[in-house]
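Please consult the sequence and the coordinates alongside the text.

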Amino acid sequence: MTKKNRKKQNNAGMSLVEIVVVVLIIGILSSAAVLGFSFINSMDAESAAEGIMSTLERTKLDTLASNNSDTIQMKLCKEGNHYYGIVLNGTEELDKVEIGKNGVSITVNWTDGGTLKSNKIEEGSDEDWQYIKYKKSNGSFDCDVKSIVVEGTDTVTVRLVNTTGRSYPEYAR
């Protein structure tokens with residue numbers, strides 16, 4: 001063989017080892033991207049639960065600071081692809097906080113005559129179980145809501161302690 005022919009043979013293509021290395025690199029990068037998106041969705045459930053607890057605390061503080069005739073309450077609702085916690089004084093909107101977006105769903109667990117019920121927050125619904133109130137006399141809950149479940153990649157349950165008016169998250173891992 002001449003020198004010219006040897007050069008053509010050496011540049012004929014990629015070796016099997018080079019192809020395997022390229023495939024491994026692409027696999028590592030794609031798995032890192034998938035884990036990153038999973039982490040972001042997980043954080044969405046956690047931040048939505050934190051937003052719910054923050055709005056609950058705002059509602060409690062407004063209730064304790066209000067006149068006896070005021071009815072301060074928090075409403076959970078969905079508008080388009082967004083979930084909101086709205087603090088109301090009667091029908092007047094005091095504050096509207098976005099608590100979640102696409103990728104999460106919010107379900108309210110409440111009791112009706114001793115029976116535990118679950119309802120998912122849907123757009124356009126306006127039911128009594130979507131409203132959370134506090135008693136002005138002692139800051140305890142004045143509603144039948146037991147927990148609020150936020151589901152995304154992970155699940156976070158916001159537990160409501162009716163006798164104390166406190167809420168806390170439970171993370172399902």
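Which side chain meets that of aspartate 62 in a salt bridge? The partner is arginine 58, with an N to O distance of 2.8 Å. The model in which this pair occurs is a predicted one.

Aspartate 62 and arginine 58 both belong to helix H2, which covers residues 16-65. Because the two residues are four positions apart in that helix, about one helical turn separates them. Arginine 58 is partly exposed, its relative accessibility being 31%.

Beyond the residues up to four places away in sequence, arginine 58 touches Val87, Leu94 and Asp95. Its C-alpha atom lies 9.7 Å from that of glutamine 73, a residue 15 positions away in sequence.

## Overall architecture

The chain contains two helices and nine strands.

The chain has 173 residues, of which 34% count as buried. Its accessible surface comes to about 10600 Å², and carbon and sulfur atoms account for 52% of that area. Of the contacts between residues at least 6 apart in sequence, 47% join residues at least 24 apart.

## Salt bridges between separate elements

In total, the structure holds six salt bridges. One of them joins aspartate 126 to lysine 75, with the closest N and O atoms 3.2 Å apart. Aspartate 126 is located in the loop between strand E5 (115-120) and strand E6 (131-133), whereas lysine 75 is located in strand E1 (residues 72-79), so the pair ties together parts that are 51 residues apart in sequence. The two partners fall into separate accessibility classes: aspartate 126 is partly exposed, with a relative accessible area of 48%, while lysine 75 is buried, with a value of 14%. Lysine 75 is assigned to the buried class because its value lies under 20%.

Another salt bridge is formed by the side chains of glutamate 170 and arginine 159, at 3.0 Å from N to O. Glutamate 170 lies in strand E9 (residues 166-172) and arginine 159 in strand E8 (residues 155-161), so this pair ties together parts that are eleven residues apart in sequence. Glutamate 170 counts as partly exposed at 34% relative accessibility, and arginine 159 counts as partly exposed at 30%.

## Aromatic rings and cysteines

The structure holds one aromatic pair. An interaction of a charge with a ring is also present: the charged end of lysine 96 sits over the ring of tyrosine 84, at 4.6 Å from the ring centre.

How many disulfides does the count give? The count comes to zero, as the criterion requires a pair of cysteine sulfur atoms within 2.5 Å. Cysteine 77 counts as buried at 7% relative accessibility. Cysteine 143 also counts as buried, at 15%.

## Selected positions in the strands

Where does lysine 78 lie? This residue is in strand E1, and with 21% relative accessibility lysine 78 counts as partly exposed. Apart from neighbours within four places in sequence, lysine 78 is in contact with Tyr83, Ile121, Glu122, Glu123 and Gly124. Lysine 78 and glycine 100 are 22 residues apart in sequence, and their C-alpha atoms are 9.1 Å apart in space.

Serine 118 is placed in strand E5. Leaving out neighbours within four places in sequence, serine 118 has contacts with Thr107, Val108 and Asn109. The C-alpha atom of serine 118 is separated by 9.6 Å from that of valine 149, which is 31 residues away along the chain.

How values were computed: Residues numbered from 1 in each chain as written. Predicted model: local features only at pLDDT ≥ 70, side-chain atom pairs only at ≥ 80, totals over all residues. Heavy atoms only, no water. Buried < 20%, exposed > 50% of the residue type's maximum accessible area, 1.4 Å probe, protein only. Contact = heavy atoms within 4.5 Å. Areas by Shrake-Rupley, 256 points an atom, 1.4 Å probe, with all protein chains shown as cover. Phe/Tyr/Trp six-rings, centres within 6.5 Å; stacked < 30°, edge-to-face > 60°. Lys NZ or Arg CZ within 6 Å of the ring centre and 35° of its normal. Salt bridge = Lys/Arg side-chain N within 4 Å of Asp/Glu carboxyl O.
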